[in-house]
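Subject: Two-chain model, handover

Hello,

Here is the model you were waiting for.

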Amino acid sequence: MNKEMIWMMAGVLALLVTASVAGWIMARRASSEKKASVENFNARTRSWWVMVGVFAVTLWFGHWTTVVLFCLISFLALREFITLNETKGCDHKVLCWCFFVLLPLQYFLVGIQWYGMASIFIPVYGFIFIPIRKVLTGETRDFLSTTAKIQWGMLTCVYFVSHMPMIMTLPIKGWSGGNGALLFFFVATVQSSDVFQYCWGKMTGKHKIAPKLSPNKTVEGTVGGIATTILLAVGMSYVTPFNPWQAALMALVICVAGFFGGLVMSAIKRDLGAKDWGNTIAGHGGVMDRIDSLCFAAPLFFHLTGFYFGTGMDPTPPDWVFGLFGK
Amino acid sequence: MMADLLAMLVRLATGVSIGRVDSWTGKPCVFFANHGSNLDALVIWSALPGEIRRETSPVAAMDYWTKNWLRRWISGEIFHAILLQRKGRPDDRSHPLQAVYDMLETGRSIIIFPEGTRSPDGSLNPFKPGIFHLKEKFPELVMIPVSLQNLNRILPKGQRLPLPLIGRITVHPPLSHVEGEGREDFLKRARNTVASGLQKTLCDE
């Protein structure tokens, strides 16, 4: 962990302390009708402490622990996704493959930095494998819809999320700032966009953007939140390979992608008749409720950074793979 | 110690938990639930608060729970399960529920599945009269309806590997005592209470 990272952690720490103190004061002053809202704020803050702590420790240990952490996050998210998307009894075997083989394999590929395979494994091999394993059961009822649900779950919960640990090993031209800081920049930007949108919405929100999908999202909240986040990203730009303008543009792209990621996952959730994806994280809901915006922003951030700042990653497998089969 | 660890693992793997414990502590209770998977007894037992769990034995099928050493160990040493033979009566021609009666005499609580067998599609079959007989013989029993959701997807009939999906358990308040209630009415009331807990969307509070 370098000096820049320590400064950024100190910034996050200051934010969390502020939120905790504010929550403590609000709880003492709150009138009875505001109690629930303050209680939720405090639960959210407490969960943030834990999430930030886990993320910081993971980054500190390096590449492989990050792979394992995101593997676990994918596992929990896919679990919520499949639980709510009522799959059929005949999907049991193919789901076992998804949870116990495809998911760990994707993260293994990310771990050994076989970029060429990790970036197509689920959309190509997984996409083909899932309907093949399903067709072996001989069940035709709702075939396409259940296949599509499983493929969608694998793409959003596993493939998209796995782009975050991939940032850890993305080689960047003429820059040696440490990729941990880059991943931190990405996660901090997208997550603070969520937090600032929530705060701006609570304080100034009037015009609802999508009352059916997400009753809490307002025009004021979204614009204010994204604008604040862009300022924050510019402030963090010196730990990244981006200059301030590039950082602002990048923040805009990932915040908008994150915003729509949240809306899309919310649309799915509402269609299934649920308010939250789960109740794993106190105050936030499920794991998917927390990472929905990261899901959609991660592949964009990874590829845009790779195109403009990357050295072009090696798509061939690591040497030991050739060793296995001869070359 | 091992039992607590197992219970914790099962709660973690299936995501089940019971919110708060009502008035039913201390008395011998009969927890009766819908039956969709071989995990059901294990899950209810694991979700119960420790001090109640240690005093509770599931009623389970002998052929399933004596199949290998792991199942024998769990049913014997951890559960202290009451194993019933499903096919054919025991030789001594005693009452089929005699083992259950004996257990209740000692003051332990039990977990029982009044449908008698698993329902593969998760629908609720008619209840067998066993729980009515229990109530007749032991009027002081606390009858607690339990609804289990999604466990038939976690481990469907005929599968070996459980999926890591989220299940849910709803423990209803004990059935009240209705003076002079007949068998059919009691069974219907018990079944309706269990069914009422199967309607909720998963993951919502």
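**Ground rules.** This is a predicted model: local features need pLDDT of at least 70, side-chain atom pairs count only at pLDDT 80 or more, and totals for chains, interfaces and linings use all residues. Residues are numbered from 1 along each chain as its sequence is written, while chains are lettered from A and ligands numbered from 1 in the order in which they are written.

**Chain A overall.** Chain A has 13 helices and zero strands. Helices here are DSSP runs of H or I with at least four residues, strands are runs of E with at least two, and both are numbered from the N terminus. The radius of gyration is 21 Å, close to the 20 Å that the globule rule gives for 327 residues, so chain A is as compact as a globular protein of that length. That radius is taken over C-alpha atoms, and the rule is 2.2 Å times the number of residues to the power 0.38. Along the principal axes, the C-alpha atoms of chain A fill a box of roughly 65 × 50 × 30 Å.

Of the 327 residues in chain A, 40% are buried. Buried means 20 or more other C-beta atoms within 10 Å of the residue's own; exposed means 12 or fewer; partly exposed is in between; C-beta atoms are placed from the backbone. Take the contacts in chain A with a separation of 6 or more: 71% join residues 24 or more positions apart. A contact needs two C-beta atoms, placed from the backbone, within 7 Å.

Helix α9 of chain A covers residues 179-204. Its 26 residues reach 36 Å from first C-alpha to last, close to the 38 Å expected at 1.5 Å a residue. The expected span is 1.5 Å times one less than the number of residues. α9(A) is mostly covered, with 20 of its 26 residues buried.

**Domains of chain A.** There are three: domain 1 (1-61), domain 2 (64-169) and domain 3 (175-312). The bounds come from an automatic or database domain assignment. The centres of domain 2 and domain 3 of chain A, over C-alpha atoms, are 23 Å apart. Their contact takes 16 residues from domain 2 and 20 residues from domain 3. On the domain 2 side, α3 (63-84), α7 (143-160) and α8 (163-167) of chain A each give two or more residues. α3(A) gives the most, with six residues. By class, that side has 11 nonpolar, four polar and one charged. Nonpolar covers Ala, Val, Leu, Ile, Met, Phe, Trp, Tyr, Cys and Pro; charged covers Asp, Glu, Lys and Arg; the others, Gly among them, are polar.

**Chain B.** Chain B has nine helices and six strands. Of its 205 residues, 39% count as buried. Helix α1 of chain B (residues 2-14) has 13 residues that should span 18 Å at 1.5 Å a residue, and its end C-alpha atoms are 18 Å apart, which agrees. Just after α1(B), B:G15 takes a positive phi of about 70°.

**Between the chains.** 12 residues of chain B are in contact with 18 residues of chain A. The chain B side has eight nonpolar, three polar and one charged residues.

**The core.** The largest nonpolar core has 120 residues, of which A:A77, A:V161, B:V30 and B:I44 touch the most other members. Such a core is a set of buried Ala, Val, Leu, Ile, Met, Phe, Trp, Tyr and Cys residues joined through C-beta atoms within 7 Å. Domain 2 and domain 3 of chain A both give residues to this core, so it lies between them. Leaving out residues up to four places away in sequence, A:A77 touches A:C157, A:V161, A:V287, A:M288 and A:I291.

**Single residues.** Most residues other than glycine have a negative phi. Which way does phi of A:D142 go, positive or negative? It is positive, near 55°. A:D142 is in the loop between α6 (121-135) and α7 of chain A, and counts as partly exposed with 14 C-beta neighbours inside 10 Å.

B:N150 also has a positive phi, near 75°. B:N150 sits in the loop between β5 (142-149) and α8 (151-154) of chain B. B:N150 is buried, with 23 other C-beta atoms within 10 Å.

B:V178 lies in the loop between β6 (168-171) and α9 (183-196) of chain B. B:V178 is exposed, with 10 other C-beta atoms within 10 Å.

Best wishes
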